[in-house]
Amino acid sequence: MTDAPGANGAEPLLAVEGLHVAFHGPDGAVEVLNGVDFALARGEVLCLLGESGSGKSVTLRTILRLHNPKRTRVSGAVRFAGQDVLGLGERAMSQLRGGDIALIFQEPATAFDPVYSVGRQIVETIRRHKSVSEAAAWARAVELFQRVQIPSPERRLRAYPHELSGGMRQRAMIALALSCNPSLLLADEPTTALDATVQIQILLLLRRLQQEYGLSVIFVSHDIGVATEIADRIAVMYAGRIVEMGPVREVIRAPLHPYTQGLLGSTVRKGMRARRLNAIPGAPPNLAALPPGCSFAPRCPHAEPRCTAAVPEPIAPAPGQLVRCIRAPLA
Amino acid sequence: MAAQPPAPAIATSASAATPTRGYWATVGRRLMRDRVTMACALVLALILLAALLAPLIAPHDPFLGRMPRRLRPFGILNSLGMSDNPRAILEHPFGTDELGRDMLTRILYGGRLSLFMGVTPVFNALVIGGLLGIVAGFLGGWVNTLIMRTIDVFYAFPSVLLAIAISGTLGAGIVNAIVSLTVVFIPPIVRVSESVTTSVRTLDYVDAARASGLGTLSILRVHVLRNVFGPIFIYATSLISVSIILASGLSFLGLGVEPPNAEWGLMLNTLRPAIYTRPEVAALPGFAILVTSVCFNLLSDGLRSAMDVRI
């Protein structure tokens, strides 16, 4: 936490290089990630943005190796704090899970086991990673519930998941994720299942906790508004690749990739009454049969023959920015 | 619940509101409200108590036959002058069987064996089948295929035929009957536990447990077992009545309990010739089987709705 976020030369907390993931299904292998590269500095918040099936959640789950190894083929590299995550043994991996890397689920209603109280589940996780007494773990759980602003924490800890409201459950989920002082927090659409007013509260809470603890966060979302609220950098994903990555301000103000432009164009903003939204034509490609070259080419308004010849290499139009489009201006 | 450390001052302010209940407290409260289930539980408790206390409360020796008193009618009928022995008003309240043994005594003693034959095979099958099903459901892959396809073989035979075939091969006797009934009940319990486990395995909280660093064994023990136990247990209770009836059937065919032991199915068989002369006496063991199995079925229905965790 002493490193300045994104400082040059500093070892990144997490580095993902050339990550390919394929699932073996009944119809053969489906390539869901086709070479994902990014690095995350300590204390930095990166938002993975994209529509359903673009590979956002798969990226998160691959970092924790949660996919069934029998049905998943992974290549590339994931390095976390100098360790090769993909090469770790199962024992070391389960130390990492919930200890140094914690995951927040999209649907807190199903991510808690219905037959145990939430407090029980938090105590279980704490005692899994730290050799502390039941009483000490319970005290820690109470403290965590206070940190995530749950009123009367003692009583809420004894509640069963169905006895809490959606927002309360997600706060409890965040408390569970923070229980072992992780340095990296993976958040898989943590606000999608909540209504709008609760959503913003949870986002503000996450932002505050992130700054207090100096956490690195990868935040997955399909909501640009949410991304701008919380992230330092945005990575836009399409068909298993990062098509554009850069600081929030730059990506929102001057999107370079036609897909990002399309996404921004189809967002409702102030003063848009009685105007049609510009939807991106077509549908996301079938991952089992990707189009040749740029995956977005069939839907792109600027597509040209060069686009389908080969997958566009990432270009850096400015320092810290990256785009995979042959039309992007070179720096 | 685990030991909870003393609450700090902050919690005391809000503890006046409705306290949250434990899972079993909720189940218990729901059961108390369900009158039918409570009535069935009461009847079963009485039957069980009567069976357990049979040596103390039975008026006669269950094996002592007296030829002159064969096939007496119910004691109440005696008092109406329908008997040749007017003094025997309460000597045999439920009459006597074909060997002159007291029916009340034999029904009480018969309950011991019948309940034992109803519960034991189901319990054995619950342990063996539940374990196999959970392993098959959780591990999946070739383990699942191996276990489930083996189980499918047993489905080729109707359960009654299978029980008769196994008992017939092993020979008569209580132990053999229990073995054959256990084998009969394992396949359906494996089916149920496999499908419940498969559905639990893909739920978020199993992933969440993995994401917080739990190993496969801990997840199985802590999260899967506790969640699948309810449905499997409920299904097993619904099999008890089937087991009582099948056990009675085996005894009826001479493959289960052997005479002179008292068992409801066996009694039904030996009293068969008396169906025209003393129908009320001949039907008595059947009535006992009916009441017990109906009560077990209704009780398992009540448990099902009370133990549903998705509230």
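Reply: An axis here is a line fitted to C-alpha atoms, for helices over the stretch in contact, and the angle between two axes runs from 0 to 180 degrees between N-to-C directions. The model is predicted. In chain A, the axes of helix α4 (residues 118-129) and helix α7 (residues 166-178) cross at roughly 15° and come within 9 Å of each other. Angles under 35 degrees count as roughly parallel, and α4(A) and α7(A) are therefore roughly parallel to each other. The crossing in which α4(A) passes α7(A) is right-handed. On the α4(A) side, the contact is made by A:Val118, A:Gln121, A:Ile122 and A:Thr125, while α7(A) contributes A:Ala172, A:Ala175 and A:Leu176. By class, the residues of this contact divide into five nonpolar, two polar and no charged.

As to the surroundings, the largest nonpolar core has 164 residues, of which A:Cys47, A:Ala141, A:Leu186 and B:Ile189 touch the most other members. Leaving aside residues up to four places away in sequence, A:Cys47 touches A:Phe219, A:Ser221, A:Ala227, A:Ile230, A:Ala231 and A:Ile234. In soluble globular proteins, nonpolar side chains tend to be buried together.

Between the chains, 29 residues of chain B are in contact with 37 residues of chain A. On the chain B side, the elements that give two or more residues are α10 (204-211) and α11 (216-252) of chain B. The most comes from α10(B), with six residues. The chain B side that touches chain A comprises 15 nonpolar, nine polar and five charged residues.

Technical notes. Residues are numbered from 1 along each chain as its sequence is written. Chains are lettered from A and ligands numbered from 1 in the order in which they are written. This is a predicted model: local features need pLDDT of at least 70, side-chain atom pairs count only at pLDDT 80 or more; totals for chains, interfaces and linings use all residues. Two residues are in contact if their C-beta atoms, placed from the backbone, lie within 7 Å. Helices (H or I, at least four residues) and strands (E, at least two) are DSSP runs, numbered from the N terminus. Ala, Val, Leu, Ile, Met, Phe, Trp, Tyr, Cys and Pro count as nonpolar, Asp, Glu, Lys and Arg as charged, and the others, Gly among them, as polar. Angles under 35 degrees count as roughly parallel, over 145 as roughly antiparallel, 65 to 115 as roughly perpendicular and the rest as oblique. A crossing is left-handed if the near helix is turned anticlockwise from the far one by less than a right angle, and right-handed if clockwise. A nonpolar core is a set of buried Ala, Val, Leu, Ile, Met, Phe, Trp, Tyr and Cys residues joined through C-beta atoms within 7 Å. A residue is buried if 20 or more other C-beta atoms lie within 10 Å of its own, exposed if 12 or fewer, and partly exposed in between; C-beta atoms are placed from the backbone.
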